[in-house]
Each structure stands twice: as structure tokens, then as C-alpha cells.
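Here is a colleague's note to read beside the model. Please keep the sequence open as you go through the points.

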Amino acid sequence: MTKENETTKSYNIAPGPKMGVVTPEFLETIAAVARRHAIPLLKITEAQRFALIGHDPEQVAQIWQELGQEAGPQKPVGIHYIKACPGEKWCKYGRKDSLAMGEKMGAALLSMPLPAKTKVGISGCPMNCCESFVRDLGIFGKKNGWSLVFGGNGGGMPRIGDIIAENLSDEEAIRLAERCLQYYAANARKKERTARFMERTDLETFKEAVLSK
Ligand code: SF4
């Protein structure tokens, strides 16, 4: 992702990683590129990505090349990011494998065109370290399966999302996530975030539509 910004030096590049999981090689590449181009601000974003901020616009193509990635391909508006916590493999409180679920969700959802930017938070237990209740689509693990939350937002007009279903298997959670997003895509206004959409949508009607198939 390359983004124009209104500050002095006007571009930033966010090359990843996915869900905040890094390798030594990735870190070495980022560090080398940041040093070589004298990047003034290297920041970990809320989306669990590194952002290289404050370079000149003419450096963009070269930086992407040195990172070994395509220069910020433009994709349709849709899933902005999927963030996930360490989950049951790596956290003593974990009930479900949130990183594995993040991979599966990404494969199923990342290419869906949606009315507005849509953020996904996947947490391995009800402690919700990935803020699943305040993401457009949130999933968190419990002993008997995943709970799926829809329509949350953590911005300037925060909203706690609605629990749509509980005790879901991996496959059920992915299918339900797809149906929620399809219903949202079919019925929301252009640029309307899920939180605002759910505020004007009858919850029972929404649930009936997404749970009945
Ligand atoms: S949400 Fe639960 S599993 Fe995930 S990091 Fe927090 S405590 Fe651990």
C-alpha cells in the first residue's frame, strides 16, 4: 500500500507483514531499506504492519523494488486489513488458532469488493486483544468455537458490534463472514461503514438473512 499524505514529505509505504508475523529476513530487509533511504519515521501501524513514512515521492518505486514487492497494487475497496493475535498455539489463554483463521479468512474475503473500508479483527479468546467487538468484522474464540461479531467500529463514532452467532467451526465462521459481507455489500450505501449500516438495519432481519442459508 502506498498512500499520499499531507505532511511535508508526502508518502508512506506499508509493505506488511500479514497479521504482524515477521521473520528475521523481513526485519533485516526493512531495516536495510530504511537506512539506505534515510526514512525519517518507521512505524508499526494499528493494522500490524510496518510503515515507512516521510520519504520523497520519487523514492517510492525504488523502495518497493528493494523490498521485493510490487508497488502497492490498487485493489477495489474492501477488506482493509485482517489483524490477528497469537492465538492458542502461542498464548496460554488462547482457545482457538487465530493466526490460522486469519489466513483462511484472507483467502476467502480479501478479493471481495465492498462499499467501504472494512477491518477484521481475530482474537483467540474472549479477552479480545484484537478488539473484535470494534472491528467491522470480529471473530473471537471460545471453548466451543468461534463467536462472530459484525458492525463494530473503534473510530470517532465508536460502536460495539453485534454478536451474530456463536460456537462456530472454522468453516462455519468463514461462511457466515462471507454472508454478512455479501448482505452488507448488497444493501449498504456507497462508502457506508458497517457500523453505520448496522445502526439503520434491523438486527433480526440481518440475522435471518445471513443465518438462514
Ligand atoms: S485474545 Fe486471548 S489468545 Fe489472543 S493474545 Fe489475547 S489473551 Fe491471548
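1. In which sense, parallel or antiparallel, do strand 6 and strand 7 pair, and over how many bridges? Strand 6 (residues 118-123) and strand 7 pair in the parallel sense over four bridges, where strands are DSSP runs of E of at least two residues, numbered from the N terminus, and pairing requires that DSSP finds at least two bridges between them. Ser-123 stands opposite Phe-140 in strand 7.

2. Please note that this is a predicted model, in which local features need pLDDT of at least 70 and side-chain atom pairs count only at pLDDT 80 or more, while totals for chains, interfaces and linings use all residues. Residues are numbered from 1 along each chain as its sequence is written.

3. On its other pairing, strand 7 is joined to strand 8 (residues 145-150) by six bridges, and these two strands run antiparallel. A hairpin of two residues links them, and Gly-138 has Val-149 in strand 8 as its bridge partner.

4. Strand 7 (residues 137-142) is mostly covered, since five of its six residues are buried, a residue being buried if 20 or more other C-beta atoms, placed from the backbone, lie within 10 Å of its own.

5. Ala-177, leaving aside its neighbours within four places in sequence, is in contact with Met-105, Leu-109, Leu-137 and Leu-148, contact meaning that the C-beta atoms, placed from the backbone, lie within 7 Å.

6. The ligand is surrounded by a shell of residues including Cys-85, Tyr-93, Ser-123 and Cys-129, each with its C-beta atom, placed from the backbone, within 6 Å of the ligand.

Definitions and conventions
Two residues are in contact if their C-beta atoms, placed from the backbone, lie within 7 Å. A residue is buried if 20 or more other C-beta atoms lie within 10 Å of its own, exposed if 12 or fewer, and partly exposed in between; C-beta atoms are placed from the backbone.
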